[in-house]
Amino acid sequence: MVNSRWTAAAETPPVSLRRRGPVLERAILDAALEQLSTVGWSGLTMEGVAAGAQTGKAAVYRRWSSKEDLVADALQAGLPTLDEATDHGSIREDLFQLCRRVRDAMYSRSGFALRSVLYECDIATAERFHGVIVRGVIEPSNRLFREVVRRGVTRGEVRPDATGDLVFDVIPGLMMYRSKVCGSEWPDGDIADMIDQVMVPLLRPGNS
């Protein structure tokens, strides 16, 4: 399932400035994401985050010594978790549902924030945040796509040799290209077309 890593602590935090521990940390991380989504990387300040979290600047600096450290943790905490690929009974439906979850991660508040950071930062700083998306989205989604395809091979829906790296680059490659170049936000209909017109024919056994 797709769940925020701080779902367990997501109830409305108390307004009191005496919040401590995980509740205060969650409020600070949430405020950092809010700052990124409204003013971007260049406009985000530790003071602004502290104000958004209704705490003092010192409370932020005690936990994070730099803006980079704070933003990295906020992105990691906020990205949806891709932890399993539910079996929907067919390769077509498994891929469709998994792509919807990846799309939702890309267009979550954390996903938007991460992309804005990558666009605004210098190369050295952006490289650090690139690792966040690799570990938080690309690697887990690739693992789940491989699981879905292996399941399709077992069912006889997918040809056994359709497990090379290039095959698994097709979906993220299309999604990234059409998002960045064409401005697509990948509605369900576009995902269905990608699966039906590209992936299912690509994976189908030769005698089907």
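# Helices, salt bridges and spaces in a predicted model

Modeller: The chain has nine helices and zero strands. Keep in mind that this is a predicted model.

Biologist: What pattern does the chain follow along the sequence?

Modeller: Reading along the sequence gives α-α-α-α-α-α-α-α-α.

Biologist: How much of the chain is made up of buried residues?

Modeller: Of the 208 residues in the chain, 44% are buried.

Biologist: Which residues in the largest nonpolar core touch the most other members?

Modeller: That core has 33 residues, and Ile 28, Leu 36, Leu 70, Val 71, Leu 75 and Phe 129 touch the most other members. At least two residues of this core come from each of α1 (21-43), α2 (46-52), α3, α4, α6 and α7.

Biologist: Which helix gives the most to this core?

Modeller: That is α1, with nine residues.

Biologist: Switching to charges. How many salt bridges does the count come to?

Modeller: The count comes to 18 salt bridges. In general, side chains of opposite charge can pair when their charged atoms come close.

Biologist: Take Asp 94. Which side chain does it meet in a salt bridge?

Modeller: Asp 94 meets Arg 151, with an N to O distance of 3.1 Å. Asp 94 lies in helix α5 (residues 91-106) and Arg 151 in helix α7 (residues 123-155), so this pair ties together parts that are 57 residues apart in sequence.

Biologist: Are Asp 94 and Arg 151 buried or exposed?

Modeller: Asp 94 and Arg 151 are both buried.

Biologist: Why does Arg 103 count as buried?

Modeller: Its relative accessibility is 11%, and buried means under 20%. Asp 104 counts as partly exposed because its relative accessibility is 40%. Asp 188 is partly exposed too, with a relative accessible area of 31%.

Biologist: Which residues do salt bridges that share partners join into one network?

Modeller: Asp 87, Asp 94, Glu 147, Arg 151, Arg 155 and Glu 157 are joined into one network.

Biologist: What lines the largest cavity?

Modeller: The lining is Leu 95, Phe 145, Val 149, Val 167, Phe 168, Ile 171, Pro 172, Met 199 and Leu 203. By class, that lining has nine nonpolar, no polar and no charged residues.

Biologist: Which helices supply at least two residues of that lining?

Modeller: α7, α8 (165-180) and α9 each do. The most comes from α8, with four residues.

Biologist: And the largest pocket, what volume does that have?

Modeller: The volume is about 510 Å³. The largest pocket is lined by 23 residues, and the closest to its centre are Met 106, Ile 133, Val 137, Ile 138 and Met 176.

Biologist: How do the residues of the pocket lining divide by class?

Modeller: The lining of the largest pocket divides into 15 nonpolar, five polar and three charged residues. Each of α5, α6 (109-120), α7 and α8 supplies at least two residues of that lining.

Biologist: Last one, Ser 65. Where is its place?

Modeller: Ser 65 is in the loop between α3 (57-63) and α4 (67-78).

Biologist: Buried or exposed?

Modeller: Ser 65 is exposed, with a relative accessible area of 59%; the cut-off for exposed is over 50%.

Biologist: Which side chain does Ser 65 join in a polar contact?

Modeller: The side chain of Asp 69, in a polar contact of 3.3 Å. As another reference point, the C-alpha atoms of Ser 65 and Met 46 are separated by 9.7 Å, and these two residues are 19 residues apart along the chain.

Note on methods
Residues numbered from 1 in each chain as written. Predicted model: local features only at pLDDT ≥ 70, side-chain atom pairs only at ≥ 80, totals over all residues. Heavy atoms only, no water. Salt bridge = Lys/Arg side-chain N within 4 Å of Asp/Glu carboxyl O. Buried < 20%, exposed > 50% of the residue type's maximum accessible area, 1.4 Å probe, protein only. 1 Å grid on protein atoms, 1.4 Å probe; cavity = no way out; pocket = protein on both sides within 12 Å on 5 of 7 lines; lining within 4 Å. Nonpolar A, V, L, I, M, F, W, Y, C, P; charged D, E, K, R; others polar. Polar contact = N/O pair within 3.5 Å; in protein donor to acceptor, adjacent residues only side chain to side chain. Points joined across faces, edges and corners; volume = space filled by probe spheres on them. Core = buried A, V, L, I, M, F, W, Y, C linked by side-chain atoms within 4.5 Å.
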